[in-house]
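Dear colleague,

I am handing over a structure for your attention. Please find the sequence and the coordinates below, followed by an account of what was found.

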Amino acid sequence: MTAARMPIESAVNFFGDKHPLTNEQSEFWSKIAANYDRVVDLQIGRNTRSLVRERLGKEKELGNVAEFGCGTGYYTEVLAGKAAAVIATDLSLGMLDIAKKCVTAANLSFQMENCQSTSLAAATFDTAFISLVLHFAEPEKTLAEMHRILKPGGALIIANLDFHALRGIDRLRAATRVLYRGATGYRLKPPKRFISKMLTERQLGDLLNRSGFTLISSEVIKDPSSSSNIPIDYIKAMKA
Ligand SMILES: C[S@@+](CC[C@H](N)C(=O)[O-])C[C@H]1O[C@@H](n2cnc3c(N)ncnc32)[C@H](O)[C@@H]1O
């Protein structure tokens, strides 16, 4: 039985005892999956993800695509419309279950994977996409994994939550909103060390260089309705 077909109780142990944190994370995301889309938009800015999705829709043909941390499939349909084929992956079965119901396309399959170390074949994908996931995983390992699965010259598209781009009162407001909306919307305590590292645009650019990517472009996308909405860096890079 593949992990994606396992019942949820078995799947929480999919990563084995050596990865208790990953199991905890997977369990957390599955439990909050049904509320995720509503809550995340209240946390970061009502239109932020839809602006990112609009931007993604402007990409040309993407070829064979791997999506890391697809969540409920918010971006997956757009990817499928631009791709020859998409494998959308996530750590959480609860998220994958919702994504499978929300997004159906003939060229799309879903798979349970840890983005830091997947079972995807090396050098087989033209495009790898990841949105709002890097800060929940180890960014170095995740970028190394994306590098491994991409063909030489393959494209990487990252939507990176850039909390540190906010300053002063806006940063304070954003932090308070994220905590308050998370606590009231999910009513579930996140696992310890839930957020690994939040990278600034510059830190991510440096890490991409060190990980064997050439930075192509970096755009800041922000919902203008409030100065404390959290910006997203829409970053494109190429496997060098
Ligand atoms: C904030 S949500 C982002 C979902 C979607 N990409 C979006 O932008 O709305 C983070 C997603 O990453 C998944 N995730 C967290 N850690 C992961 C890991 N190590 N490997 C794969 N997926 C992971 C979670 O299950 C969750 O679906």
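This is a predicted model: local features need pLDDT of at least 70, side-chain atom pairs count only at pLDDT 80 or more; totals for chains, interfaces and linings use all residues.

- Cys-115 places a polar backbone atom 2.8 Å from a nitrogen atom of the ligand.
- Tyr-36 has a polar side-chain atom at 2.9 Å from an oxygen atom of the ligand.
- Leu-91 brings a backbone N or O atom to 3.2 Å from a nitrogen atom of the ligand.

I turn now to the helices. Two packed helices are described by the angle between their axes and the distance between the axes. For helix 6 (residues 139-149) and helix 8 (residues 201-210), the angle is about 50 degrees and the axes are 10 Å apart. The two helices are therefore oblique to each other, and their crossing is right-handed. On the side of helix 6, the contact is made by Pro-139, Glu-140 and Leu-143, while helix 8 contributes Leu-204, Leu-207 and Leu-208. Sorted by class, this contact has five nonpolar residues, one charged residue and no polar residues.

With kind regards

Definitions and conventions. Residues are numbered from 1 along each chain as its sequence is written. Side-chain values use heavy atoms; hydrogens and water are left out. Axes are lines fitted to C-alpha atoms, for helices over the stretch in contact, and angles run from 0 to 180 degrees between N-to-C directions. Helices (H or I, at least four residues) and strands (E, at least two) are DSSP runs, numbered from the N terminus. Angles under 35 degrees count as roughly parallel, over 145 as roughly antiparallel, 65 to 115 as roughly perpendicular and the rest as oblique. A crossing is left-handed if the near helix is turned anticlockwise from the far one by less than a right angle, and right-handed if clockwise. Contact means heavy atoms within 4.5 Å. Ala, Val, Leu, Ile, Met, Phe, Trp, Tyr, Cys and Pro count as nonpolar, Asp, Glu, Lys and Arg as charged, and the others, Gly among them, as polar. A polar contact is a pair of N or O atoms within 3.5 Å; within protein, one must be able to donate a hydrogen and the other to accept it, and residues adjacent in sequence count only if both atoms are side-chain atoms.
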